[in-house]
Amino acid sequence: VLNAVASAVGSATPPPPDASLMANAGLDSLGAVELRARLGAVAGVDLAATFVFDHPSPRAMAAGLAAAVRKARGREGVAGAGAAALPLPLAPLARSLPLPPASQPAIEAVASCARLPGVAASAWDAVTAPNAVGVVPLDRWDGDATFDPHAGSFGGSHSGVRTPSYTRFGAWLGGPGGGGGAYGVDGAALGLAPAEAVATDPQARLFLEVGAAALAAGEEGAARASAPAASTSIHRPSTAVFVGAMYHEYLDLLLQHSGGGAANTTAAAPPQAITGAGPSFLVGRAAFSLGLGGPAAATDTACSSSLVAVHFGASALRAREASAALVGGVNLMLRPETTAAVCALGALSPAGRCRSLDAGADGYGRGEGCAALMLRSVGGASTAVPTGALLLLATAVNHGGRAAGLTAPSGPAQTGL
């Protein structure tokens, strides 16, 4: 294994047995595929396509390869020393995690609301929307001025952009079939003064609009489902709000238009921008404007931010920290630098499309949107559940730990989850 690894990373000497190959030894995804094929050929066994990702060090690969050989020879038995030696992030999973008791109520979504690209009516029409991908709108940036089909590394210069992008495509609000772009939210209708609306992150304004609609629909639906009709079951002073948001680009945009730009730290932003930008004020504004007095927090766990927000909302309900929870996520693409940086990683599809499990997959496509769910506990057998309601029977969150790389998936961790 050490010799094969050394050859794969182009080194005369093998790395330490416990080195993380993709994080520390320079092994890339293509090299991982070649290393897996070489090890399988030498051992005479078929290895999973994710073998190197699931066994991130030479020691782990040796143990995994030995296990694969034993299994191929029909002598796979009770896990022994080889399996126990795997330096994988399984310590939290080694103990049996208790399932929620049968008496613990499930969580239901009594309402949902969303604004998504390519959808003019119901949010769930996005499932059958024919096309939501289009070129970057001019109200964001000039896609032609930043486009370079040969982009892909830092340090370049192209029409004033430090790193150009090799794609002009994405799924944009206000794009094909949709209405209202990133700046189409009516601040006055949400109780924002003109100067405050201009200085507030469009993501905060968008979630406030969508969240308010979900909350109103949730109150109406809960009122119909509740017995007897003395209360609505949605008590705003004890309602939590959790919002997933990964990027926060608006303050930089304000500074740029104030004459400073990202590199000028002396540029003055409007005073309202202090409370208009950033994740804490995104969720705080929603709680303040809607009168929600339960736990309120923004989550940034990259691509899983919205899912983790749902988990936190369900956990708050199960822990009786809240009587209801408004949960969701929002993402807008406001500056070209973020897209250019992801292009530098080689992660984006030039066509702006995700082709999961397809041989033609060439990266992922960035997109925009906002969605919100109104959650509450299912009280008991006598509580009516609205027809078609989403039921969350259980939620869980974990991390891959010291996996093959910072952004690499971990099969064992996903299995444990």
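Biologist: In which loop does leucine 357 lie?

Modeller: In this predicted model, leucine 357 has a phi near 60°, a positive value in a residue other than glycine. Leucine 357 counts as exposed because its relative accessibility is 94%. Its place in the chain is the loop between H14 and strand S7 (369-377).

Biologist: Thanks! And what is the phi of arginine 320?

Modeller: Arginine 320 sits in the loop between helix H13 (305-318) and strand S6 (324-331). With 76% relative accessibility, arginine 320 counts as exposed. Although arginine 320 is not a glycine, its phi is positive, at about 60°.

Biologist: Let's go to H14 itself. How many of the nine residues of H14 are buried?

Modeller: The buried residues of H14 are Pro336, Thr338, Thr339, Ala340, Val342, Cys343 and Ala344. H8 is included in what covers them. H14 is largely enclosed by the rest of the structure, because the number of its residues that are buried is seven of the nine.

Biologist: Which residue with a positive phi follows H14?

Modeller: Happy to point to that one. The phi in question is near 75°, and the residue that follows H14 with this value is glycine 346.
The residue to look at is therefore a glycine, as H14 is largely enclosed with seven of its nine residues buried and is followed by glycine 346.

Biologist: Now for strand S7. Is arginine 376 buried or exposed?

Modeller: Arginine 376 is found in strand S7. The cut-off for a buried residue is under 20% relative accessible area. Since arginine 376 has 5% relative accessibility, it counts as buried.

Biologist: With the side chain of which residue does glutamate 108 make a polar contact?

Modeller: Glutamate 108 is found in strand S1 (residues 107-115). At 0% relative accessibility, glutamate 108 counts as buried. A polar contact of 2.6 Å joins its side chain to that of arginine 376.

Biologist: How far apart in space are leucine 253 and arginine 335, C-alpha to C-alpha?

Modeller: Leucine 253 belongs to helix H11 (residues 250-257), and at 11% relative accessibility it counts as buried. Leaving aside neighbours within four places in sequence, leucine 253 is in contact with Tyr183, Leu334 and Arg335. Leucine 253 and arginine 335 are 82 residues apart in sequence, while their distance in space, C-alpha to C-alpha, is 7.3 Å.

Biologist: And how far apart in space are leucine 208 and alanine 372?

Modeller: Leucine 208 lies in helix H10 (residues 202-225), and it is buried with a relative accessible area of 3%. Not counting residues up to four places away in sequence, leucine 208 touches Leu190, Arg285, Ala286, Ser289 and Leu290. Leucine 208 and alanine 372 are 164 residues apart in sequence, and from C-alpha to C-alpha they are separated by 9.8 Å.

Biologist: What does helix H5 reach from its first C-alpha to its last?

Modeller: Helix H5 (residues 58-72) has 15 residues. At 1.5 Å a residue, the expected value is 21 Å. H5 is close to that, with a reach of 21 Å.

Biologist: Which residues of H5 are buried?

Modeller: An α-helix has 3.6 residues a turn, so residues three or four places apart point the same way. Just after H5, glycine 74 takes a positive phi of about 75°. Within H5, the buried residues are Pro58, Ala60, Met61, Ala63, Gly64, Leu65 and Val69.

Notes:
Residues are numbered from 1 along each chain as its sequence is written. This is a predicted model: local features need pLDDT of at least 70, side-chain atom pairs count only at pLDDT 80 or more; totals for chains, interfaces and linings use all residues. Side-chain values use heavy atoms; hydrogens and water are left out. Helices (H or I, at least four residues) and strands (E, at least two) are DSSP runs, numbered from the N terminus. Buried means under 20% relative accessible area, exposed over 50%, partly exposed in between (1.4 Å probe, protein chains only). A polar contact is a pair of N or O atoms within 3.5 Å; within protein, one must be able to donate a hydrogen and the other to accept it, and residues adjacent in sequence count only if both atoms are side-chain atoms. The expected span of a helix is 1.5 Å times one less than its number of residues. Contact means heavy atoms within 4.5 Å.
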